[in-house]
Amino acid sequence: MPAPPIDARSQNAHVLGVEPCGEDGVLLRIKPLEPAGPLRAGRFFMLRSPDDTAPAIPRPFSVYRQHDDGSIEFLIKVMGPGTRALARSSPGTELVCVGPLGNGFPEFGADVPQVMVAGGIGSAPFYMAIQQALAGSHGAKVAPEDLTLIYGGRKAGFLYDLEAFMDLGVRVLAATDDGSVGFHGNVLDCLRKQWEVENLPETVRLLTCGPEPMMEAVAHEAAVKNLECWVSLESYMGCGVGICNGCSLVTRPDGPLGEWPVAKACVDGPVFCTSAIEL
Amino acid sequence: MASMEVDLAGISLRNPILSASGTFGHGVEMQHMVALDELGGLVSKTVTCQPRPGNPAPRIAETKAGFLNSIGLENRGIESYIESVLPEVESAGTVIITNIGGESVADYVAAAEALAGFDVISALEVNLSCPNVGGGRLPFSTDPKRAEEVMRAVSEVTDKPLWAKLSPNVTRIEEIACGAEAGGASAITAVNTLLGLGVDWRTGKPALATVVGGYSGIGMGPVALRCAWQCAQAVDIPVVGCGGIADAEDVLAFLAVGCHAVQVGTASFSDPGMLGRLAAEVEQLLDEAGVKDVQDVVGCMEASK
């Protein structure tokens, strides 16, 4: 029976701070009343502001960073009433916070280099994924030269907290549709270019998070080149804990989840190998 | 401290608060987030004879005052329920009600027969009213005779108390309730979701892949309260209120119109931990009002006398 993770709690969290980030984003830092243990990259919380203008159903947000004091940061693109209300939160107030939820990225070996392909706010799970790969805290320790982040967006303002990613000491390649920063083009063209100029070995493990068409394109590229590919989905969820059956995904009959035609993004994911689900 | 225990057609509940079908999984998977022994009971998501993969995505959409869904009774079928779920729910520490669904009378009968021998199940809730199967035609919950027919056929194959879950999408719900009672229902659950629809006019896309789905949440509260009251007026069996209940005040309002217990659904999506706290909050309201027994609230609305 799919169930929420045993460390998940439905509780409140103190808002520690909200900082603007990029053109339309914020960095929200909260401290849950009952702090979570060390979190694997790719896990998420459902957050909701008690503000009356916010939707009643919390929305899922990947953990961006976790700090030693038990506080957690989220990188949030302000898009609608729910994220607007979160962005307006004042330090000292409380939010509804359900989590930690989801599976997170699995433990990878150091057998092949990893290329993370992020589109806009889809970069959120990759900060900790890079930190944890460098430290070997979940899976093998990976050398900085074997970690590449291709970080794309329509323009520079949508590459949220780009400098923080660059400070991690791995290879970060920015790509913008308008050429305002980095490679002039989309992430897929940037990735292909790396192969073309032999900046990347032919065999890599691809991890991707961002707009669905982008993830589909990355997964397609992986399939064509027979590469392992993992997606961190940002599905619309009704509960985050597996009880509403709303965030259904179609499973691949020949894949690891093929015993049932649908999977739940919240409790079976949000990180899936592309061999498991249809994008 | 007010007494919170209620008797529901021969089943003793430690308090009148249950989970609503389809909004809390099978319940037991929530044991790490919710103290299940703080609930009056758990109503399972609908189980059908055959596995059902459910409807295509998108299946859910939030609206301004509620929630649209078109899950389509996704479940792994009765055999899987018996093998994988029932052994787990035994440890839940609360009353277990299994909700059964189907597209024909024979489907309901077969599901009830398959579950008849499992003592862990205290009652069956017969889902006459899912709007997300068979194109929302609701054949068993819009005609009193059809409701009676299903309940009678099911009652012939099981000794378990049967609750009939009705639809609000009718003109005279009390007639359906009477039909279910005549067919052998021990209780009425009022109500399932309202038929609803959402659309993004910019893209022209409906909010749900099936276009029409079930609308739930606080926006339907007054509709559900009216339905529950009409049922309670019309039948001699207990009524379990359901629809838009989001806090302790709502719980007591449903009891006031004559319900003996309530089910909480969509509110669990806003706060999955809420069900475990609700009974204590109801008790506090009763204590503040000087009410000694929650059953004293049942049917206290003047017009319901």
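Predicted model: local features only at pLDDT ≥ 70, side-chain atom pairs only at ≥ 80, totals over all residues.
# A tour of chains A and B

Start by selecting Lys77(A) and Tyr160(A): their side chains are joined by a polar contact of 2.9 Å.

**Stop 1: around Lys77(A)**

Colour the strands of chain A and find S6, the strand in which Lys77(A) is placed. Lys77(A) and Asp24(A) form a salt bridge, with 2.9 Å between the closest N and O atoms. Why does this pair tie together parts that are 53 residues apart in sequence? Lys77(A) lies in strand S6 (residues 72-77), while Asp24(A) belongs to the loop between S1 and strand S2 (25-32) of chain A, so the link joins places separated by 53 residues. As background, side chains of opposite charge can pair when their charged atoms come close.

Next select Gly25(A). To see the surroundings, show the residues in contact with Lys77(A), leaving aside neighbours within four places in sequence: Asp24(A), Gly25(A), Thr83(A), Ile121(A), Phe158(A) and Tyr160(A). Over all chains, the count of salt bridges comes to 24.

**Stop 2: the seven-stranded sheet of chain A**

Switch to a cartoon view of chain A and look for an open sheet of 7 strands. Reading across, the order is S11-S10-S9-S8-S12-S13-S16, and the pairing is mixed. Which strands are at the edges? They are strand S11 (183-184) and strand S16 (271-273), each of which pairs on one side only.

Stay at the S16 end. Here strand S13 (residues 229-232) and S16(A) pair in the antiparallel sense over 3 bridges. Select Ser232(A), then look across to Val271(A) in S16(A), which stands opposite.

Helix H4 (residues 187-196) of chain A touches strand S8 (114-119), strand S9 (147-153), strand S10 (171-176), S11 and strand S12 (205-209). The direction of H4 makes about 145 degrees with that of S9(A). Helix H5 (residues 212-224) of chain A packs on the sheet too, touching S8, S12 and S13. The direction of H5 makes about 170 degrees with that of S12(A).

**Stop 3: backbone details in chain A**

Select Gly269(A) and Pro270(A). The peptide bond from Gly269(A) to Pro270(A) is cis, with omega near 15 degrees. Pro270(A) sits in the loop between helix H6 (265-268) and S16 of chain A.

Then go to Asn245(A), in the loop between S13 and strand S14 (248-250) of chain A. Asn245(A) is not a glycine, yet its phi is positive, at about 60 degrees. For comparison, most residues other than glycine have a negative phi, and most peptide bonds are trans.

**Stop 4: where chain A meets chain B**

Show both chains and give each its own colour. How many residues of each chain are in contact with the other? The contact involves 30 residues of chain A and 34 residues of chain B. About 2,600 Å² is buried between the two chains, and carbon and sulfur atoms give 63% of it. On the chain A side, select Met1(A), Ile243(A) and Trp260(A): these lose the most area to chain B, together 29% of what that side buries.

Select Arg59(A) and Glu62(B), whose side chains meet in a salt bridge of 3.0 Å, N to O. The interface also has 11 residue pairs in polar contact. In chain A, the elements that give two or more residues to the side touching chain B are strand S1 (9-21) and strand S7 (94-101). The residues on that side divide into 21 nonpolar, 5 polar and 4 charged.

**Stop 5**

In chain B, find an open sheet of 4 strands with antiparallel pairing, in the order S5-S6-S14-S11. Strand S5 (60-63) and strand S11 (194-197) stand at the edges with a single partner strand each, so one side of each has no neighbour in the sheet. From one strand to the next, the twist averages 40 degrees.

In this sheet, strand S6 (residues 66-69) and strand S14 (residues 212-216) run antiparallel and are joined by 3 bridges. Select Asn69(B) to find Gly214(B) of S14(B) opposite.

Finish at Ala57(B) and Pro58(B), joined by a cis peptide bond with omega about -5 degrees. Pro58(B) is in the loop between strand S4 (41-43) and S5 of chain B.

Key: Residues numbered from 1 in each chain as written. Chains lettered and ligands numbered in written order. Heavy atoms only, no water. Contact = heavy atoms within 4.5 Å. Buried area = accessible area lost by both parts, 1.4 Å probe. Salt bridge = Lys/Arg side-chain N within 4 Å of Asp/Glu carboxyl O. Polar contact = N/O pair within 3.5 Å; in protein donor to acceptor, adjacent residues only side chain to side chain. Nonpolar A, V, L, I, M, F, W, Y, C, P; charged D, E, K, R; others polar. Pairing = 2+ DSSP bridges. Axes fitted to C-alpha atoms, helices over the stretch in contact; angles between N-to-C directions.
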